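This report describes selected local features of one protein model.

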Amino acid sequence: MVNISVIIPTYNRHDLLPELIESFRFVEKATKYSYEIIFSDDGSTDDTITFLKSIELLPIIILKNNHGGASHARNAALKVAKGELILFIGDDIYPNPHILNQHYEKYLSLNRKTAILGNIKWHPKLKINHLMKHITEIGGEQFSFEKMPNNELVDFRHFYTSNVSVPKKLIGNMVFDLSFDKYGYEDIEFAYRLAKKGMEIFYYPDATVYHYHSFDLEKFSRRQEAAGEMVVVFSNIHPELDNRLFKITHLRLEYEKWVKKYEDLARNIDSQSILDHIYKDIIKFENNSINEVKLSSFYSRVFMLRYELGTLSRLGYFDANMVKAFLISKFFLEYINIKVDVKDRRRYMLNKAKQYLRQFKFLRYIKSVFFDKQRTVKQVQFIDVHPGRKKIGFCKSKDTTFTFNYDLFGDNFEVIEYMLDDDAYFVNNKAVSFTELVTKYEYIWFIPENYKLPDELFANILLMVNKVKMDFILLSFMLKDMPYVAVLKEFRSNIIIASERIMANREMNFNNSLGKIVKVFHTENEQIEVMRCETFFSEYFDIKEDLSYDHKQVIIGNNAVNYSKFSEKFELNNIQNKPCIFVVSVYLFVGGVERNTIEVMEKLVDKYDFIVITLEWIAEQHGSLHYKMRDSAKCIYDFHEILDYSLYLDALKDLKNIYQPEAVWICNGSNWLCDNALEIRKVFQNIPIIDQQVYDTEAGWITRYMEKGIQSFDRFIAINRRIYDKFVNQFKIPQSKIDIIYPTLNLSKANAHLYNAEKMREKYNIPNQRKIFAFIGRMAEQKRPLLLLKLIEQINNKQDDNHFMLIGNGPLRDEVKVFIDEHNLSNVTRVDFIDDVCEVFCFLDGVIFVSEYEGLPIAILESIINSVPVLSTDVGDVKLVLDKYNGGLIFRNMSETEINSKIQDFMEFKENLEIYKQALDKNKEDIINEFSIDTISCQWNDSFERAIKHYKKR
């Protein structure tokens, strides 16, 4: 048995590793327990691997990985680690000889949900400047050990992977999230998920290591700017932390408010020159040994400036001059020539250094993931003094009609009628006093008179109020991100309010209240108006102060209460005439996976009832396919809109009891799903799970497929032959449990020949007399649209008879737009979304895909069925399909840095367009037969039936 696994990610450290290895030889002599050292190389290009292979007499394991960052390397090491305790350290961290004894013995003395954090000091060989002293002892931007009490608990923000150990059982199947593409927060996000599982961190200063890493002002500033960007990534994954910890929404609002006031003044200011001046002054202060207190004040302010610069740029504010002007006025008002009003001046001239240091202050007496002192909202256990109440009373005027599915919802809801001119209330034509309303219903909802609400919304709200207690729910009727909400013009209908907050005159009391925001995924409607959240409360409820909000909640007043309650069972009177399948789509945004799922459901809806469950947040930039899913789904439950992650499993149990599914179809992956796969298996222990999370052989959720939870699933869908081979050869999944099912092709997208090409060119303002090539897909890292733009820029240097279209939306949308503008790519047309792609296929000469990984993109199938040739990277089964039908060409080189060969490939592709087109025309019938919805839906039905039949036999 291995007691300790030491995980060290490394990259191009051949110069430091010899001395590091010598320090581990002293560790070897002192250590009393069995251990292993896992060096996980992140694609080093120097002699790191050669040196590591030369090491003898130490229990070293060497892992070679493609370059993907420290988290990628740590995840690879976690998969092979055998130790009871996992110790994370860095490749520039030199241990004291007793480090392993210290960590392991402290672990044995504590409970099994405790991580041990050791101290980190500068290596004695380094020359320590004041900046290095500041970031570890004064400001705490790097480490904040000086503010921690020795041998006590600290919170998850101090999970420093330079010297922290965690019990392997506590980690379980968890891995570091690979969404973080720069320095910062990936370790803290990992710790946050551990904390939600009950982890505590014990600070043990005796377990000391020595950090060999020097910093200068600009180097550390860049590091802070990267951290500012990554906090946005963190917040997108865990939006519940924004209001409590990150304050990203607050910063966004602060910036937008400042721009409204001072935009005209700031336009004439060269912000970068001012920032350069500030840096020159700081360097001058460093060289002149100025008072260290003053120098630290400058450090703290400039690091916070760069941090917020990173945050705002990641949020999509690309006017760098304006953003920098705002931040300079905020942190260095004395340097900028903008006359701000007295109120702002007082606020900006507060000691920003103190504000910045305060966030690193150690807070004692841990209660849960957060400390009580950090909370802006007090936590209170909710005890209902009126047990047995109906959940919601629908309040409507007596002279309006309201239709409602009583058969489905039973006694959970009831209709209350009121007279417009007085305070009389009636239930079932019987008069009810105002006092009775409070005792009879938990919540009151003023139903809109001119807007029909779907059963799906009532089901989601009913599930929510059975699991969560809140003062009110704010409904936003479109996919709008905060600070914007989409509200009905019948303003009270946007609020579902706790009955004790309704007053006799039907006014609502929002004093010191906490509300949850729920997006209702409807399309645009004339009854809906989009406005800022604070505008809604100000205009309709006269609330003008003490209002704050984040992604999921609104807080009004300074003494709001966040209730916890005992989860109640969610029940519906479900009538079922067909077998039911749970479709866990994870996301339901505009994407190929989601479109394919909808196509299959629409074909099989006469045979199955589909209950769709989404798990993750959808941003406005993602778009939503809820409106397309509704025709084939019996109900859609958006867990992330209505529940915290901690309640997901409980909700799944309730839904299972209501709908009695015969199978569960997982259509995509997420961290929560993979982390909880074993628990999901327990919920559906007598129901088959069909898994379809994998879309590439190297990247994405396939990295989790050795884990027991996912391995316990019943059937696995490989969307191409490469994935099938990896399932069989690497993960040892029996062939009998795997189905190869390609994406389906909607034949309504195969009619480009019926469209008028000339009119469609005019519609999209596409020039004549040029070859037209399109990129079709999400603007995401995986699709590499920026690589395509670099390729287009080089092609333009050689040819001037091409025009390109980039069709799609996504997180890189703004970066794509900026690149096009900055590089003057006038022959590129960008379109966010086209519902009917035949409108462009009718005039396209070819499509280009440069994805890093894919399965088999639906857009490629739609291209070849319309006889539009394809130029693509060698991903998934794209080459197999293009070769089979002679439908295009594969790039010879996948690398992002290799552009010249791609230009040659494009030239060759362009020369042979007519050959490819003729081949596709000839093979059209065969393509339809292979990828039509009739063919693919039969394959899915066969997979469902095999899984269900196998369980019924058992």
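Two rings of Phe, Tyr or Trp (for Trp, the six-membered ring) form a pair if their centres lie within 6.5 Å; planes under 30 degrees apart count as stacked, over 60 as edge-to-face, and the rest as tilted. Through such ring pairs, Phe472, Phe491, Phe510, Phe536, Phe537, Tyr540 and Phe541 are linked into a cluster. The model is a predicted one, in which local features need pLDDT of at least 70, side-chain atom pairs count only at pLDDT 80 or more, and totals for chains, interfaces and linings use all residues. Residues are numbered from 1 along each chain as its sequence is written, and side-chain values use heavy atoms, with hydrogens and water left out.

**Aromatic rings**

A charge sits over a ring if NZ of Lys or CZ of Arg is within 6 Å of the ring centre and within 35 degrees of the ring normal.

| Charge | Ring | Distance from ring centre |
|---|---|---|
| Arg74 | Phe176 | 5.3 Å |
| Arg532 | Tyr484 | 5.5 Å |

**Helix 29**

Helices (H or I, at least four residues) and strands (E, at least two) are DSSP runs, numbered from the N terminus. Helix 29, residues 785-796, has twelve residues and reaches 16 Å from its first C-alpha to its last, close to the expected 16 Å at 1.5 Å a residue. That expected span is 1.5 Å times one less than the number of residues. Pro785, Leu787, Leu788, Leu789, Leu791, Ile792 and Ile795 are buried in helix 29. Among the elements covering these buried residues are strand 31 (771-776), strand 32 (802-807), helix 30 (813-822) and helix 34 (900-911), where contact means heavy atoms within 4.5 Å.

**Two loop residues**

Phe566 is in the loop between strand 23 (561-564) and strand 24 (580-586). At 67% relative accessibility, Phe566 is exposed. Its C-alpha is 9.3 Å from that of Lys469, although Phe566 and Lys469 are 97 residues apart in sequence.

Glu141 is placed in the loop between helix 5 (130-138) and strand 7 (153-154). Glu141 counts as buried, with 7% relative accessibility.

Note on methods: Buried < 20%, exposed > 50% of the residue type's maximum accessible area, 1.4 Å probe, protein only.
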